[in-house]
Amino acid sequence: MKIIAIGLATAACLAVAGAAQANEKLLQASGCTACHSVDKKLVGPGYKDVAAKYRGNKGAEADLIRKVKAGSKGVWGDIPMPPNAHVKDEDIKTLVQWVLSVK
């Protein structure tokens with residue numbers, strides 16, 4: 001039984017790591033990493049700061065999906081985030097969910 005439990009735990013860890021790596025590739029392919037990083041401000045805020053700001057906000061996912069798609073200005077300062085109409089809606093949702101999960 002312990003071997004099965006260890007095997008399941010290992011598989012779960014690999015799945016999470018694989019999903020995180022896939023999301024990081026999607027961030028790069030979508031152009032997000034030109035202005036954002038995980039843990040520090042570049043042009044825009046780091047993903048950790050975004051996740052912290054919106055933690056506990058039930059409408060955060062929908063708000064951020066809209067802001068990523070249409071662009072935004074004023075939330076993090078004067079530098080605007082340009083619209084990302086070139087990114088598929090389902091990819092934006094995946095990216096926003098990942099960003100909100102960053103700790």
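# Notebook: salt bridges, pocket and surface

**Entry: Asp63 and its partner.** I began with Asp63, which is partly exposed at a relative accessible area of 29%. The model I am reading is a predicted one. Which residue does the side chain of Asp63 meet in a salt bridge? I found Arg66, at 3.8 Å from N to O.

Entry: I looked up the salt-bridge count and got 2. Besides the Asp63 and Arg66 pair, I noted Lys69 with Asp89. Their closest N and O atoms are 3.0 Å apart. What does this pair tie together? Lys69 belongs to helix H3 and Asp89 to helix H4, so the bridge links parts that are 20 residues apart in sequence. Lys69 is partly exposed, with a relative accessible area of 26%. Asp89 is also partly exposed, at 49%.

**Entry: the fold in outline.** I stepped back to the whole chain. It has 4 helices and 0 strands. Along the sequence I read the pattern α-α-α-α. How much of the chain is buried? Of the 103 residues, 26% are buried.

**Entry: the largest pocket.** I turned to open space next. The largest pocket holds about 630 Å³. I listed its lining, 33 residues, and noted those closest to the centre: His36, Gly44, Pro45, Val68 and Met81. Which helices each give at least two residues to this lining? I found H1 (2-30), H2 (47-54), H3 (60-70) and H4 (89-101). H4 supplies the largest share, 4 residues. I sorted the lining by class as well: 21 residues are nonpolar, 8 are polar and 4 are charged.

**Entry: Met81, at the pocket.** I followed up Met81, one of the residues closest to the pocket centre. Met81 sits in the loop between H3 and H4. Met81 and Gly44 are 37 residues apart along the chain, and their C-alpha atoms are separated by 7.6 Å.

Entry: I searched for cavities of 30 Å³ or more and found 1. The largest cavity holds about 30 Å³. Which residues line this cavity? I wrote down Ser30, Cys32, Val68, Asn84, Val87, Ile92 and Leu95. By class, 5 of the lining residues are nonpolar, 2 are polar and none is charged.

**Entry: a nonpolar surface patch.** I moved to the surface. Leu42, Val43 and Ile79 form a nonpolar patch there. Together they have about 250 Å² of accessible area. Where is Ile79 found? I placed Ile79 in the loop between H3 and H4. Met81 is in that loop too. Ile79 counts as exposed because its relative accessible area is 54%.

Entry: I started from Lys53, in helix H2. Lys53 is partly exposed, with a relative accessible area of 44%. Its C-alpha atom is 9.3 Å from that of Leu100, 47 residues away along the chain. I then took Ser101, in helix H4. Ser101 is partly exposed as well, at 42%. Which separation did I get for the C-alpha atoms of Ser101 and Ala52? I got 9.3 Å, for two residues 49 apart along the chain.

Technical notes. Residues numbered from 1 in each chain as written. Predicted model: local features only at pLDDT ≥ 70, side-chain atom pairs only at ≥ 80, totals over all residues. Heavy atoms only, no water. 1 Å grid on protein atoms, 1.4 Å probe; cavity = no way out; pocket = protein on both sides within 12 Å on 5 of 7 lines; lining within 4 Å. Points joined across faces, edges and corners; volume = space filled by probe spheres on them. Nonpolar A, V, L, I, M, F, W, Y, C, P; charged D, E, K, R; others polar. Patch = residues over 30% accessible without salt bridge, like charges linked within 9 Å, V, L, I, M, F, W, Y side chains within 5 Å. Areas by Shrake-Rupley, 256 points an atom, 1.4 Å probe, with all protein chains shown as cover. Salt bridge = Lys/Arg side-chain N within 4 Å of Asp/Glu carboxyl O. Buried < 20%, exposed > 50% of the residue type's maximum accessible area, 1.4 Å probe, protein only.
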